[in-house]
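Here is a brief report on one chain. The sequence and the structure come first, and the notes follow.

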Amino acid sequence: MIALVLSLVACITTTKDVADTSDTADTAADSGSDTADTTDTTDTADTTDTGTDTADSGTDTGTDTADSGTDTGNGGGGSGVDGLVAGDLVISEIMKNPHGLAIDGASADISDLTGEWFEIYNASGEDLNLRGLELADLDATDPDAHTITGDVFVGAGEYVVLGNSTDMTANGQVPVAYAWASDGFSLGNNADEIVLRAGGVVIDQVVYTPTDFPDYKGYAMELSVLDALSNDTGSNWCEATTAYGPVIPYPGTGYRGVDRQYGTPGVANDVCVAPAR
Ligand SMILES: [Ca+2]
Ligand SMILES: [Ca+2]
Ligand SMILES: [Ca+2]
């Protein structure tokens with residue numbers, strides 16, 4: 001009986017909602033300044049607000065993602081090669097024909113290829129990054145071609161060495177800053193050419209022959225006058241007189257009995273003496 005009474009009371013106090021049809025859309029333009037609504041998730045944008053938003057002065061707590069792209073700029077260490085003109089770089093020393101440990105027939109370490117290098121003098125007057133510089137020769141049928149793909153910094157008035165290998169053991173203790181690594185480029189032991197281009201423009205080139213230029217195995221040829229016109233003439237080149245690298249176990253007295261390589265890779269050349277042929 002008590003339960004029935006309670007049930008009737010509940011029925012009496014419960015009313016049923018009817019739809020509220022009296023609201024009309026708010027079409028008035030809002031002229032106030034909005035404050036951020038941080039709790040409402042259902043409002044649509046108010047497109048009639050003429051108020052002025054205030055700047056978001058909050059602190060960004062998001063996490064930046066790392067820049068994993070490849071930097072194609074010059075790395076901030078010097079100007080790029082695109083604006084270079086003929087003479088800005090000078091090919092100043094060439095080791096076309098190194099002799100290595102293989103010469104004793106027992107310990108093959110420094111091969112002709114891995115021991116090759118040449119030196120560039122920066123005559124441009126500004127610090128440079130040689131990334132993008134093209135190395136080539138003038139072979140009509142099978143031209144050498146390699147484009148420098150890494151940063152190679154060389155200060156104004158300084159030298160940099162490019163070679164086959166940056167491995168100081170394999171190249172005979174030469175401070176090679178960048179290696180072409182047999183990728184389409186090498187230095188012929190007889191006649192060959194080194195051409196430096198930037199954007200298709202020849203910045204310097206040397207066309208050497210074994211008759212007009214110094215030609216002795218194990219001796220780099222060094223330029224005596226540091227400009228890109230002088231290096232076109234063989235008589236402006238001399239054999240290096242400063243030894244570098246490891247003692248080479250050469251049997252006998254051939255090659256003048258030398259047991260070292262000769263050159264000044266990366267630093268000023270020796271004072272020129274007449275080539276001893
Ligand atoms: Ca060679
Ligand atoms: Ca030249
Ligand atoms: Ca030198």
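## A loop residue with positive phi

Gln-173 lies in the loop that links strand 7 and strand 8. The model is a predicted one. The phi angle of Gln-173 is near 70°, a positive value in a residue that is not glycine.

## The chain overall

The chain holds one helix and 14 strands. Of its 277 residues, 30% are buried. Among contacts between residues at least 6 apart in sequence, 62% join residues at least 24 apart.

Six strands form an open sheet in the order 8-7-2-1-11-12. The pairing is mixed. Which strands sit at the edges? They are strand 8 (178–179) and strand 12 (237–239), and each pairs on one side only.

Strand 1 (residues 89–95) and strand 2 (residues 117–122) run antiparallel and are joined by six bridges. Within this pair, Ile-91 stands opposite Ile-120 of strand 2. Strand 2 also runs antiparallel to strand 7, with five bridges between them. Here Glu-119 has Val-161 of strand 7 as its bridge partner. Gly-163 has Ala-179 of strand 8 as its bridge partner.

## Strand 7, covered on both sides

How many residues of strand 7 are buried? Five of its five are, and the strand is mostly covered. In a regular strand, side chains alternate between the two faces of the sheet. In strand 7, Tyr-159, Val-161 and Gly-163 point one way. Val-160 and Leu-162 point the other way. Both groups are buried.

## The nonpolar core

In soluble globular proteins, nonpolar side chains tend to be buried together. The largest nonpolar core here has 45 residues. Which members touch the most others? They are Ile-91, Ile-94, Phe-118, Ile-120, Val-160, Leu-162 and Val-176. Several strands each supply at least two residues of this core: strand 1, strand 2, strand 7 (159–163), strand 8, strand 9 (192–198), strand 10 (201–208), strand 11 (221–223) and strand 12. The largest share, five residues, comes from strand 1.

Leaving out residues up to four places away in sequence, Val-176 touches Trp-117, Val-161, Leu-162, Gly-163, Ser-165, Thr-166 and Asn-171. Val-161, one of these contacts, is also the bridge partner of Glu-119. Gly-163, another of them, is the bridge partner of Ala-179 in strand 8.

Ser-186 is in the loop between strand 8 and strand 9. Why does Ser-186 count as partly exposed? It has 17 other C-beta atoms within 10 Å, whereas a buried residue needs 20 or more and an exposed one has 12 or fewer.

What does Ser-186 touch? Beyond residues up to four places away in sequence, its contacts are Leu-113, Glu-116 and Asp-144. Asn-164 is 22 residues from Ser-186 in sequence, and the two C-alpha atoms are 7.5 Å apart in space.

Methods:
Residues numbered from 1 in each chain as written. Chains lettered and ligands numbered in written order. Predicted model: local features only at pLDDT ≥ 70, side-chain atom pairs only at ≥ 80, totals over all residues. Pairing = 2+ DSSP bridges. Helix = DSSP H or I, 4+ residues; strand = E, 2+ residues; numbered from the N terminus. Contact = placed C-beta atoms within 7 Å. Core = buried A, V, L, I, M, F, W, Y, C linked by C-beta atoms within 7 Å.
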